[in-house]
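Take a look at the fold below.

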Amino acid sequence: MKKEFLILLMCLIITTFTACKKEKTNQTPILSLGGETWAKGPLDVYIKVNFTDPYNIEVKYKWDPYEIAFNKNIAPVKEENVIPALDAVKEIWMKTYEKVAGQEFVRKFTPRQFVMSGSAEYNTDGTITLGEAEGGKRIGLAVINSYDRKNLDVLTQMLHTVHHEFAHILHQNKLYPREFKQLNPEWYTASWFNTSTKDANAQGLVTPYSKAAADEDFVETISFLLVEGQVKFDAIVAANPGNAADILRRKEKIIVDYFQKSYGIDFRALQREVKAGITVIMN
Amino acid sequence: MKKIIYYSLILLGLAGCKKSNIAADQRPDERLTDAIAVYQKQLVASENGWIGYLFPKGGGSYTFKFKFDDKNRVITYSDIDKDKATTGKESSYRIKGTQLPALYFDTYSYLHLLADPDPKSAGGAEGKGFVSDFEFSFLASGADTIKLQGNLNGSNMILVRAKATEGDDYIDKAFTNNNYLATIANFKYYYNKLSIAGKEYNVSLNSDKHTISFYYDQSGFKSFTTEYGITANGLILRVPFVDGTTVVSELSGFNIDVAAGTAEFTAAGTKLTMTNGAIPLIIDKGAPTRMFVTKQHTWVSKNGFTLAGVKDAHGVKSINGFTEIQYIPNWFNDPFDIAWFKYNGGNRYGPIFNTRLDPDGKMVFVKSPYGNQANPSGNNPGAAGVAIVNKFYNQFTEVGGYYAFETGKNTFDLVSVTDSKNWIRFQ
């Protein structure tokens with residue numbers, strides 16, 4: 001009996017040791033987790049000081065195929081264009097909201113990541129993608145290699161994308177009035193790219209892409225009113241009298257009210273700031 | 001009985017111990033991290049940098065020089081043009097652990113011009129550029145060479161450790177050397193004959209796309225084409241040319257005499273002389289069909305005709321804003337073809353013709369009106385321009401026709417049958 005008890009005890013001890021050993025093989029964490037690292041240069045410092053530290057925004061300017069359409073031919077950015085383009089984003093977008101709505105507002109709602117690429121994304125249907133946003137988290141800034149602060153078209157196109165995507169974040173937090181969706185539901189279509197700007201305007205939409213969905217229509221109209229500006233918006237209204245003009249004006253009013261009621265933002269003041277920002281960057 | 005149970009328990013315990021020992025071996029993430037560190041060290045360690053021979057998926061070859069430092073910066077030289085061969089450009093790189101360790105040239109430099117989908121950047125095709133890469137997986141590495149393959153398009157690049165003699169002016173020397181090789185196109189006739197070990201070959205050198213072709217008779221027409229990497233004093237064949245015991249992998253020490261129509265060089269330790277002549281050794285009867293029917297392609301000529309060694313003899317480049325001639329089979333309803341002259345930002349003007357493929361391997365272009373279309377049709381480039389287009393049209397529709405020779409991926413040379421002094425290169 002005693003002998004058997006001893007053996008049993010030994011077994012127990014051995015089992016315990018085995019168990020101990022298993023616990024001791026606690027693994028070192030998997031290597032190279034925690035993001036990529038590289039020697040920091042002036043661009044990294046600029047981004048840290050202007051975006052990451054104050055707003056907790058990551059700006060990816062180095063090529064990373066998994067952040068964009070990895071199966072397409074896209075060029076990485078020219079380093080010399082990174083800071084000028086980001087300056088414009090700061091001046092014409094972040095600063096404008098900061099002035100009108102305060103720094104806390106910007107910190108709370110800005111997307112957490114910008115991903116820059118040098119060229120556009122060429123799609124098989126013949127369209128090109130100039131920018132993209134995902135889930136309010138990330139904004140893609142494309143065609144950075146063609147950036148030219150003196151070129152209003154280039155500047156407008158880039159900032160239009162940024163304001164467009166940011167407006168998505170705003171309506172994802174507080175939805176716009178249902179009334180907006182009822183204004184011209186008959187025009188929303190997946191093949192929006194078959195419509196010219198002129199035709200879209202005549203249907204009461206600011207751009208062809210507005211036709212993609214009510215959400216897109218809402219943010220396109222906001223972005224147009226801010227970046228392209230009130231003057232151009234008024235011109236579209238004037239050129240398309242009747243029903244289209246009426247719809248456009250009602251959209252404008254819904255947007256101005258939405259900004260005031262949902263976020264306490266004076267939309268007209270925001271328009272003025274964006275216009276001033278464009279002037280600063282272009283001169 | 002009980003004892004057996006106890007002993008088996010002990011054995012089980014031991015077996016458990018062994019299992020935990022396996023975990024002490026290197027894990028995949030450790031090996032990957034080590035591999036990245038080794039590659040990183042190897043790239044930086046080469047004092048004079050690396051010579052890169054790039055073979056884009058889209059065809060051709062380019063020679064680069066890369067100097068990597070330990071701060072993720074790289075200085076690049078390239079033989080794309082004179083400026084890029086002489087002035088280095090600094091950009092960024094990193095080695096990333098993807099499925100295979102991969103070398104990313106992660107901000108824009110000369111390498112990216114070839115992969116840029118925007119035609120305005122370097123003139124490649126919209127959406128794909130010249131079908132190249134700037135993001136490569138390490139396939140193999142030795143002390144002095146690293147083999148890379150593009151992750152997106154599968155282009156190949158070979159990095160060779162630069163010697164002390166291959167300094168920052170190396171790419172400029174290579175560029176100059178390629179221009180020197182290009183003077184072979186100034187020989188009077190198209191055909192060049194080379195004798196190796198008692199056997200004769202016709203050799204074509206395409207210095208634009210960096211390809212070399214051998215044509216010879218071996219119970220019928222045989223051909224071999226490969227890209228070459230340009231060096232400071234010669235060229236290296238991407239794939240060596242092998243015919244029986246003859247192996248040609250590198251040509252060096254060129255001495256070209258345009259007036260005499262000879263080019264001397266050394267291959268595999270043997271001095272060889274290539275001589276220019278009016279008569280082809282053998283013709284490629286299948287080439288016209290491959291060019292016209294098999295490959296659905298817009299054929300582009302940047303220089304028009306070479307006549308008796310004079311490049312662009314008709315002066316097509318003098319047309320205002322000229323970019324290229326596009327020969328497009330079946331542009332109109334079959335069988336009407338066109339050769340558009342593209343000029344002055346998107347304008348085009350060009351003659352209409354039919355292409356006839358003769359069974360004896362000739363390709364004949366026949367002047368042909370199409371319906372009530374003006375011929376040439378399109379936007380008139382002015383009297384001087386029209387005169388040039390008509391000169392081209394007359395030469396192109398020569399009744400004798402042309403022999404075709406395939407000099408690379410989507411590259412054909414058309415050589416006049418009646419007079420081999422006249423030829424044009426399409427790619």
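Gly385(B), Ile388(B), Val389(B), Phe392(B) and Phe396(B) are buried in helix H8(B). They lie on the same side of H8(B), because they cover an arc of only 95° around the axis. Buried means that 20 or more other C-beta atoms lie within 10 Å of a residue's own, and exposed means 12 or fewer, with C-beta atoms placed from the backbone. The arc is taken from the directions from helix axis to C-beta atoms. On the other side of H8(B), Ala383(B), Ala384(B) and Asn394(B) are exposed.

This is a predicted model: local features need pLDDT of at least 70, side-chain atom pairs count only at pLDDT 80 or more, and totals for chains, interfaces and linings use all residues. Residues are numbered from 1 along each chain as its sequence is written, while chains are lettered from A and ligands numbered from 1 in the order in which they are written.

Helices (H or I, at least four residues) and strands (E, at least two) are DSSP runs, numbered from the N terminus.

Now the barrel. Eight strands of chain B close it in the order E1-E2-E3-E4-E5-E6-E7-E8, with antiparallel pairing. Strands pair if DSSP finds at least two bridges between them. E7(B) and E8(B) pair over five bridges. Here Gln149(B) stands opposite Asn156(B) in E8(B).
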